[in-house]
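We'll hop from one selection to the next.

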Amino acid sequence: MSTLIVYSTKYGCAQKCAQMLSEKLNGKVDLCNLKTSKALDPAAYDKVVIGGSIYIGKVQKEVSRFCSDNRSILKDKTIGLFICGMFKDQAEKELKDSFPLEILNNAVAKEFLGGEFVFKKMNPVERLMVKRIAKVDKDLTDISEENINRIVQSMNNI
Ligand SMILES: Cc1cc2nc3c(=O)[nH]c(=O)nc-3n(C[C@H](O)[C@H](O)[C@H](O)COP(=O)(O)O)c2cc1C
């Protein structure tokens, strides 16, 4: 069994989650950062996990592009999906908005993994937005290992 994990990240949280997943999934696992490398071909794998982080309600365009470029291949794969974000109350909508319906319906796991605010990585506008909107003014990590394990369980059981 082989699994490809493709993800997009701005400040590294989705990468951290992808790495945690890769250490827990059975079989051979390859990781691919869609922002820094050419997407690996999902046709060569049995299972595919697709993940990204949310900024102002949207997932990165690299994730959307990977989904649309590989639509027909992904139909026949075991799919897991995740997003990183800090607004739990938006999780369901953000998951729905981040992936095409066909891929969402085919996925055996769809999880909101939480995220982190790291102020030194943000630009000044982002810092201000986080302070105003999230009412947070210091670093915060809220990654759900429980939700990561749920993806692992669903993917490993197939
Ligand atoms: C400017 C800004 C906007 C954000 N907008 C959202 C949002 O709309 N929904 C959400 O759930 N999280 C939002 N977040 C939280 C990020 O998704 C979170 O920091 C995540 O861990 C980033 O992951 P990354 O480091 O992989 O890019 C926002 C963060 C910043 C700095």
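## Stop 1: a proline in a loop

Start by selecting Pro-42, which sits in the loop between strand S2 (28-33) and strand S3 (47-55). Helices here are DSSP runs of H or I with at least four residues, strands are runs of E with at least two, and both are numbered from the N terminus. Before going further, note that this is a predicted model, where local features need pLDDT of at least 70, side-chain atom pairs count only at pLDDT 80 or more, and totals for chains, interfaces and linings use all residues. Residues are numbered from 1 along each chain as its sequence is written.

Is Pro-42 buried or exposed? Pro-42 counts as buried because 21 C-beta neighbours lie inside 10 Å. (The cut-offs: buried takes 20 or more other C-beta atoms within 10 Å of the residue's own, exposed takes 12 or fewer, and partly exposed is in between, with C-beta atoms placed from the backbone.)

Now show what Pro-42 touches: Leu-4, Val-48, Asn-70, Ile-73, Leu-74 and Lys-77, leaving out residues up to four places away in sequence. Contact means that the two C-beta atoms, placed from the backbone, lie within 7 Å. For a distance, pick Lys-24 as well: Pro-42 and Lys-24 are 18 residues apart in sequence and 20 Å apart in space, C-alpha to C-alpha.

## Stop 2: zoom out

Show the whole protein chain, with its seven helices and eight strands. Its radius of gyration is 15 Å, close to the 15 Å that the globule rule gives for 158 residues, so the chain is as compact as a globular protein of that length. That radius is taken over C-alpha atoms, and the rule is 2.2 Å times the number of residues to the power 0.38. Along the principal axes, the C-alpha atoms fill a box of roughly 45 × 30 × 25 Å. Of the 158 residues, 35% count as buried.

## Stop 3: the core

Next, select Ile-5, Cys-17, Leu-21, Ile-50 and Ile-83, the residues with the most contacts inside the largest nonpolar core, which has 36 residues. Such a core is a set of buried Ala, Val, Leu, Ile, Met, Phe, Trp, Tyr and Cys residues joined through C-beta atoms within 7 Å. Among the elements that each supply at least two residues of this core are strand S1 (2-7), helix H2 (61-69) and helix H7 (145-156).

Stay on Ile-83 and colour its contacts, which include Gly-51, Val-59, Leu-95 and Phe-112.

## Stop 4

Which residues of H2 are buried? They are Val-63, Phe-66 and Cys-67. Look down the axis of H2: these buried residues fall within an arc of 95 degrees, so they line one face of the helix. The arc is that of the directions from the helix axis to the C-beta atoms. On the face of H2 turned away from the buried side, you'll find the exposed residues Lys-61, Ser-68 and Asp-69. The buried residues of H2 pack against several elements, including S1, S3 and helix H4 (91-98).

## Stop 5: the ligand

Select the ligand and the 24 residues around it; Tyr-11, Cys-13, Ser-53, Gly-85 and Gly-115 come nearest. A residue makes this list if its C-beta atom, placed from the backbone, lies within 6 Å of the molecule. By class, the shell has 13 nonpolar, seven polar and four charged residues. (Ala, Val, Leu, Ile, Met, Phe, Trp, Tyr, Cys and Pro count as nonpolar, Asp, Glu, Lys and Arg as charged, and the others, Gly among them, as polar.) Helix H1 (13-24), S3, strand S7 (114-117) and helix H6 (124-134) each supply at least two shell residues.

Click Gly-85, in the loop between strand S5 (78-84) and H4. Gly-85 is buried, with 23 other C-beta atoms within 10 Å. Its contacts include Ser-53, Gln-90 and Gly-115.

## Stop 6: out in the open

Move to H6: of its eleven residues, the number buried is zero, so H6 lies largely in the open. Just after H6, Lys-135 takes a positive phi of about 55 degrees. Most residues other than glycine have a negative phi. Lys-135 is exposed, with 7 other C-beta atoms within 10 Å.

Finish at Ile-56, in the loop between S3 and strand S4 (58-59). Phi of Ile-56 is near 50 degrees, again a positive value in a residue other than glycine. Ile-56 counts as exposed, with 6 C-beta neighbours inside 10 Å.
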